[in-house]
Amino acid sequence: AKYAETTKRYEPEVNSIKARLAAASEGLGDALNVYLNLKKSGVKKPIVKINGENCGGCNMEVDANTLSRIRAAGHGRCPNCGRILYEQR
C-alpha cells in the first residue's frame, strides 16, 4: 500500500522529467543511445577527447579515415573501444 501511495504521489514529477528528457534528446540522433548503452555496459568515460591520433579512453591509435570523419563531423566513435570521440577546438 505504501509503495502505491508513493508511486502515485511522485508520478506527475516522473512524467514531467521524462517529458523534459525526451525534449532535450531531440536532435541528438543516435548519440544519446550510444552514450547510455556505453554507460550501461560499465564504460566509465563514454565520451573522450582525441589525444593526437589516439583515443583518449583506450589509447589505441585511430586510423586516418576515422580521424578525418571525426574532424569533419566534430565527433565519432573509436573503432577499438566504441567510445564517443571528439576533438577539442
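Strands here count as pairing if DSSP finds at least two bridges between them, while helices (H or I, at least four residues) and strands (E, at least two) are DSSP runs numbered from the N terminus. In this predicted model, local features need pLDDT of at least 70 and side-chain atom pairs count only at pLDDT 80 or more, whereas totals for chains, interfaces and linings use all residues. Residues are numbered from 1 along each chain as its sequence is written, and side-chain values use heavy atoms, with hydrogens and water left out.

One of the residues bridging to strand 4 is lysine 49, whose partner there is tyrosine 86. The whole sheet is open, has 4 strands in the order 2-1-4-3, and shows mixed pairing. Its edges are strand 2 (54–55) and strand 3 (75–77), each pairing on one side only.

Helix 2 (residues 31–40) packs on this sheet, where it touches strand 1, strand 3 and strand 4, and its direction makes about 120° with that of strand 4. Helix 3 lies across strand 1, strand 3 and strand 4, running at about 145° to strand 3. Contact means heavy atoms within 4.5 Å; axes are lines fitted to C-alpha atoms, for helices over the stretch in contact, and angles run from 0 to 180 degrees between N-to-C directions.

Leaving aside residues up to four places away in sequence, isoleucine 70 touches Ile50, His75, Gly76, Arg77, Leu85 and Arg89.

There is 1 salt bridge (a side-chain nitrogen of Lys or Arg within 4 Å of a carboxyl oxygen of Asp or Glu). Arginine 71 and glutamate 87 form it, at 2.7 Å from N to O. Arginine 71 sits in helix 3 (residues 64–73) and glutamate 87 in the segment after strand 4 (84–86), so the pair ties together parts 16 residues apart in sequence.

The table gives accessibility classes, with buried under 20% relative accessible area, exposed over 50% and partly exposed in between (1.4 Å probe, protein chains only).

| Residue | Relative accessibility | Class |
|---|---|---|
| Arginine 71 | 35% | partly exposed |
| Glutamate 87 | 25% | partly exposed |
| Asparagine 59 | 52% | exposed |

Asparagine 59 lies in the loop between strand 2 and helix 3, and has a positive phi of about 65° although it is not a glycine.
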